[in-house]
Every structure is written in C-alpha cells, then in structure tokens.
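Student: I have a model open and some terms to check. Can we go through them one by one?
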Amino acid sequence: MRLAEPAWISGESGGHGMLGGVTIAPLMLGKHAVRPPVVLAPMAGITNVAFRRLCREQGGGVYVCEMITTRALVERIPKTLKMVAFAEDEDFRSLQLYGVDPDVTARAVRMVGEDGLADHIDLNFGCPVPKVTRRGGGSALPWRRKLFGRIVRQAVEAARPYGIPVTIKMRKGIDDDHLTYVEAGLIAQEAGVAAVALHARTAEQRYSGKADWDAIATLKQALDVPVLGNGDIWEGSDALRMVEQTGVDGVVVGRGCLGRPWLFADLEAAFTQGAGYQPVLPALGEVAKIMSRHAELLVDALEDEKHGCADFRKHVAWYLKGFPIGGELRRALAMVSSLAELDDLLAKLDPSVPFPEEALGQPRGRVNAPGKVSLPYGWLDSRDDDSVPEGAEMENSGG
Ligand SMILES: Cc1cc2nc3c(=O)[nH]c(=O)nc-3n(C[C@H](O)[C@H](O)[C@H](O)COP(=O)(O)O)c2cc1C
C-alpha cells in the first residue's frame with residue numbers, strides 16, 4: 001500500500017504542494033524537511049519502535065517515540081533506555097521528553113546529544129493525567145510561565161551544540177479561565193524552539209468534546225515559528241481541512257491511527273493530491289495482513305512472543321472497529337497469545353469484506369469525560385513562582 005513518491009519530493013512541484021486552494025511548504029524542523037508535514041503524536045504505550053515502523057511503512061512524516069521522563073533518562077533506568085531504542089532505518093529519530101526541572105531537563109538533553117540518542121526532542125507540556133498535574137507537571141506547567149520558560153530555554157541551549165531541534169507540545173491551558181497557549185507559544189519561540197504543537201483542548205477537557213481549531217489558527221497568527229495543529233484528525237481530509245482553516249505548517253495525528261496505520265498513506269495521498277485524493281480504504285484481508293505484521297513487529301521489539309502478543313491485544317478492537325465480525329472471533333483475537341494462533345484466527349476472516357465507510361471520521365481511542373484538573377495547592381495564585389514542583393519528576397516513563 002506504500003504510495004509512489006509524491007511530486008513535491010521528486011521536485012516537480014518546486015517543493016510546494018497545492019491542496020485544493022491551499023499551498024503548503026514542507027515543514028522544517030531545524031534543518032530537517034518533513035514531507036508530508038505530518039507527525040505521529042507521541043502516545044504512551046502505543047508509539048513504540050514496532051508501531052512507528054508499521055506507520056512509517058505507510059507514508060512519510062515524523063514518528064515520535066513514547067514519552068520518556070528526563071529523570072529516568074539521566075538515571076539511566078534500564079527500562080527507559082530500552083524505550084529510547086530506535087530502528088536503524090529511522091532517519092529522523094524523534095524523542096519526547098517530560099520534565100519539570102530545568103536542570104534535569106538540560107542534563108537529559110545533553111545526554112541525548114552526547115550519546116547520539118535522537119535527532120529531535122519534543123517537550124511534553126500537555127499531559128492531563130491527575131497524578132502528573134497534581135504535582136505541577138504536564139499541562140499544569142505552562143501556567144507557571146517563568147518555570148516553563150526556564151525549562152524550554154535550558155533545553156534549547158543544551159541541544160544547540162548538537163544541532164538538535166527542540167519543539168514543544170502543549171494544550172490550550174488548564175481550563176477556559178486559565179488559557180496559556182498563546183503566551184506559552186511566544187515564550188517558547190523566544191527561547192528558540194523549532195516549532196510549537198498545540199493539542200487544542202484544555203487539560204480539563206481531557207479527550208472530550210471537540211478540539212478547538214480556532215485556537216490553532218490564533219496561535220498560528222501569533223507566532224513566526226512553525227505551528228503544528230493537533231486534535232481530531234481522523235482522515236487525510238481532516239488534515240487538509242485543518243491546514244485550510246488554521247494555516248498551520250503541519251499536523252499531529254494521534255488517536256486516528258489507532259488500528260489504522262494506513263492513515264499515514266491516506267495523509268500522504270491527501271497532502272500530495274489535494275482535496276480530490278483517493279482515500280485509502282483497505283478491505284478486511286489487507287487489515288488482517290497489517291494486524292499480523294503489527295504483532296510480529298511487537299514480538300521482535302519485545303523479544304518475547306508472549307509479551308508481544310499480549311501487547312498486541314489492546315489494538316485488536318481498534319483494527320476491527322466497524323467490520324462485521326462475530327463476537328466469538330473478536331474475543332478470541334483479543335486474547336491471542338501466540339503468532340500462530342493469531343494467524344489461524346485471522347484466516348477465519350473474510351478477506352473480501354470492504355472497509356466500513358461508516359466508521360470514517362469517527363472518534364476512536366480515548367474520548368473520556370472532562371474532569372476538574374488536580375493542581376498543587378496555590379498553583380493558580382502565583383504565575384511567576386519558578387520553583388520546581390516537588391515530586392513531579394516521575395521516574396517511570398511512558399505515563
Ligand atoms: C493512549 C494515548 C497516550 C498518549 N500519550 C501521550 C504522551 O506520552 N505525550 C503526549 O504529548 N501526548 C500523549 N497523548 C496525546 C496525543 O499525543 C494527542 O495530543 C491527543 O491524542 C490528541 O490528538 P488526536 O485527537 O489526534 O488523538 C496520548 C494520547 C493517547 C490516546
């Protein structure tokens with residue numbers, strides 16, 4: 001299903017693609033041109049080396065690793081070092097770091113540079129998980145603008161000698177009364193980031209409601225550095241719409257590719273051919289082949305068939321969403337424990353069943369309800385306090 005090289009890569013369009021009225025230049029992250037301007041969003045527990053390869057096999061873009069905590073990295077926790085593993089053919093190794101301490105963040109960035117661990121660093125300021133925000137981390141942090149600025153500045157300075165571009169990924173703010181994204185974008189730009197990504201929800205929204213693409217347009221207007229839009233891209237056509245509506249330089253795609261790695265082929269087709277592109281709609285036989293490949297890659301990555309298959313189980317329902325498949329077979333697939341068993345079960349599927357078009361454009365993955373954001377005591381009262389919040393430096397990665 002890999003697509004032919006798009007015209008703009010072969011130079012026929014002079015490096016610019018026309019998107020049914022929208023012109024978009026390649027996204028530059030430092031010296032690296034990203035074509036098409038698509039980023040696989042970091043997703044803990046999902047965007048490991050296996051899933052990234054599966055997606056890379058479909059189309060171009062940047063494929064971000066699972067989130068790594070700076071503390072765990074500098075302490076060289078073995079599980080964390082394993083998570084930082086990239087495949088040999090990943091030519092633009094993109095790593096997301098989570099940190100709340102400017103000094104630890106700078107040490108982690110220096111380590112990435114010195115040990116040659118990655119080619120791009122993204123800083124996570126979007127995590128809404130209560131155990132993180134309660135301690136002032138993730139999406140709570142930009143509210144403390146001086147601390148936020150120190151973290152970003154020190155990361156950019158530490159990365160500079162190695163030529164590593166640093167980007168940030170953030171939400172709109174804590175809630176509608178405490179929006180931070182424009183100010184945080186300006187601070188990050190001033191600090192020297194290569195791009196800013198906005199998941200256009202507040203922390204309070206978690207994954208509920210709709211992403212506010214108007215906020216993405218507002219940020220794009222406010223900044224000179226490239227802006228990446230994130231939230232609710234389910235199809236290539238959504239990406240084109242986001243570019244058209246907001247003027248963003250690129251898109252970040254998360255839940256839309258869960259159980260649909262071919263979304264990256266769809267996105268490439270959309271960005272290459274424009275609005276009239278042919279959507280990529282694999283029949284069940286092709287989906288089964290991709291499922292089998294995904295499980296194989298997970299077994300390879302985890303170096304253990306049982307663990308690889310166990311990890312694969314969470315993807316099964318996403319792959320089969322909308323296809324008419326009996327409950328018993330679905331359940332058996334979701335409990336698979338070996339590659340041979342998986343292939344036997346997949347052989348029971350009718351390969352000719354067409355892709356369920358009614359599942360297009362539908363949310364998938366997390367869609368949980370909004371929830372009040374837990375914050376450290378007095379957090380909202382003092383924006384300019386730049387002391388490092390205690391206990392927010394998680395030691396485990398990928399949360
Ligand atoms: C399972 C899961 C894990 C996630 N983990 C991270 C993470 O580690 N770092 C991060 O910045 N965002 C994380 N996110 C948020 C996504 O990167 C993205 O911002 C969000 O899903 C919105 O984009 P979407 O509408 O395309 O899904 C995660 C989302 C999901 C669903």
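Tutor: We will take ring pairs, then charges over rings, then strands. This is a predicted model, where local features need pLDDT of at least 70, side-chain atom pairs count only at pLDDT 80 or more, and totals for chains, interfaces and linings use all residues. Residues are numbered from 1 along each chain as its sequence is written, and side-chain values use heavy atoms, with hydrogens and water left out.

Student: Why are F125 and F148 called an edge-to-face pair?
Tutor: Rings of Phe, Tyr and Trp (its six-membered ring) pair if their centres lie within 6.5 Å; planes under 30 degrees apart are stacked, over 60 edge-to-face, the rest tilted. Here the centres are 4.7 Å apart and the planes stand at 70 degrees, so F125 and F148 are edge-to-face. The structure holds five aromatic pairs.

Student: What makes F125 and F148 a link between distant parts of the chain?
Tutor: They are 23 residues apart. F125 is in strand β8 (residues 120-125), F148 in helix α7 (residues 145-159). Helices (H or I, at least four residues) and strands (E, at least two) are DSSP runs, numbered from the N terminus.

Student: Why does the pair F323 and F355 count as edge-to-face?
Tutor: Their centres are 5.7 Å apart and their planes are at 85 degrees, so the edge-to-face label applies. F323 and F355 are both buried. Ring pairs also join W262, F323 and F355 into a cluster.

Student: How do you know that the charged end of R383 sits over the ring of W143?
Tutor: The test asks for NZ of Lys or CZ of Arg within 6 Å of the ring centre and within 35 degrees of the ring normal. The charged end of R383 is 4.2 Å from the centre of the W143 ring. R171 lies over the face of Y207, at 5.1 Å from the ring centre.

Student: What makes β10 and β11 paired strands?
Tutor: Two strands pair if DSSP finds at least two bridges between them. Strand β10 (residues 195-202) and β11 have four bridges, in the parallel sense.

Student: Why is the crossover from β10 to β11 called right-handed?
Tutor: With the strands pointing away from the viewer, a right-handed path from the first strand over the helix to the second runs clockwise. The chain goes from β10 through helix α9 (residues 213-222) to β11, and this β-α-β crossover is right-handed.

Definitions and conventions. Buried < 20%, exposed > 50% of the residue type's maximum accessible area, 1.4 Å probe, protein only.
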